[in-house]
Amino acid sequence: VLVVDLVHGLEPQTIESLQLLKQKRCPFLVALNKVDRCYGWVPCPNATIQEALAKQPQYTVDELNDRWRTIQGEIAAQGLNAELFYNNKNPRKVVSVVPTSALSGEGI
């Protein structure tokens, strides 16, 4: 599991870790952490991320989606395709990304 901060995106050490995982052909998924930092986030302790997203205001979901798309582009710049796990139709070839909040437990 490679943890990526939703607010900061790919940092140099994350890029280095991605390169090592690619070189070793090691299967992994990305935990996109700190979804609770999106403006207006309503905590839903220990809920699945889909359940938590259903309870968020639309502007919060929009912010999360915007930040995710930016990070998805950063991952693509490293030569990897990535998709949110519940939209990933090809998990063998596309990296699954799980939005999470370590603080309140959504997506864990």
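This is a predicted model: local features need pLDDT of at least 70, side-chain atom pairs count only at pLDDT 80 or more; totals for chains, interfaces and linings use all residues.
The largest pocket has a volume of about 310 Å³. Its lining counts 14 residues, and those closest to the centre are Cys-26, Pro-27, Phe-28, Arg-92 and Val-95. Two elements each give two or more residues to that lining: helix H1, residues 12–24, and strand E4. Sorted by class, the pocket lining has eight nonpolar residues, two polar and four charged.

Next, the cavity. How many cavities of 30 Å³ or more does the structure hold? There is one. The volume of the largest cavity is about 30 Å³. Its lining is made of Leu-53, Leu-64, Asn-65, Trp-68, Leu-84, Tyr-86 and Pro-99. Helix H3 supplies the largest share of that lining, three residues. By class, the cavity lining has six nonpolar residues, one polar and no charged ones.

E4 covers residues 95–99, and five of the five are buried, so the strand is largely enclosed by the rest of the structure. Val-95 is among the residues closest to the centre of the largest pocket, and Pro-99 is one of the residues lining the largest cavity.

Which strands does E4 pair with? One is E2, residues 30–33, which pairs with E4 in the parallel sense over three bridges. Within that pairing, Ala-31 has Val-98 as its bridge partner in E4. Another is E3, residues 82–84, which runs parallel to E4 and is joined to it by three bridges. Here Glu-83 has Ser-96 as its bridge partner in E4.

In the loop between E3 and E4 you will find Asn-87. Asn-87 is partly exposed, at 37% relative accessibility. From Asn-87 to Val-97 is ten residues in sequence and 9.5 Å in space, C-alpha to C-alpha.

On to salt bridges. The count is two.

One is between the side chains of Asp-5 and Lys-34, at 3.0 Å, N to O. Asp-5 sits in strand E1, residues 2–5, and Lys-34 in the loop between E2 and helix H2, 49–54, so this pair ties together parts that are 29 residues apart in sequence. Is each partner buried or exposed? Asp-5 counts as buried, with 13% relative accessibility, whereas Lys-34 is partly exposed at 28%. Lys-34 also has a backbone feature to point out: its phi is positive, near 75 degrees, and Lys-34 is not a glycine.

The other salt bridge joins the side chains of Glu-63 and Arg-67, at 2.9 Å, N to O. Both residues lie in helix H3, residues 58–76, and they are four residues apart, about one turn of the helix. Glu-63 is buried, with a relative accessible area of 19%. The cut-off for buried is under 20%, so Glu-63 falls on the buried side of it. Arg-67 counts as partly exposed at 28%. H3 is also the helix that gives three residues to the lining of the largest cavity.

A second residue with a positive phi is Arg-25, at about 55 degrees, and it is not a glycine either. Arg-25 is in the loop between H1 and E2. Is Arg-25 buried or exposed? Arg-25 is exposed, with a relative accessible area of 76%.

Leaving out residues up to four places away in sequence, Thr-14 touches Leu-2 and Val-4. H1 is also one of the elements that give two or more residues to the lining of the largest pocket.

Note on methods. Residues are numbered from 1 along each chain as its sequence is written. Side-chain values use heavy atoms; hydrogens and water are left out. Buried means under 20% relative accessible area, exposed over 50%, partly exposed in between (1.4 Å probe, protein chains only). Two strands pair if DSSP finds at least two bridges between them. A salt bridge is a side-chain nitrogen of Lys or Arg within 4 Å of a carboxyl oxygen of Asp or Glu. On a 1 Å grid over the protein atoms alone, a cavity is a set of points where a 1.4 Å probe fits but cannot get out, and a pocket is an open set with protein on both sides within 12 Å along at least five of seven lines; lining residues have an atom within 4 Å of a point. Grid points are joined across faces, edges and corners, and a volume is the space filled by probe spheres set on the points. Ala, Val, Leu, Ile, Met, Phe, Trp, Tyr, Cys and Pro count as nonpolar, Asp, Glu, Lys and Arg as charged, and the others, Gly among them, as polar. Contact means heavy atoms within 4.5 Å.
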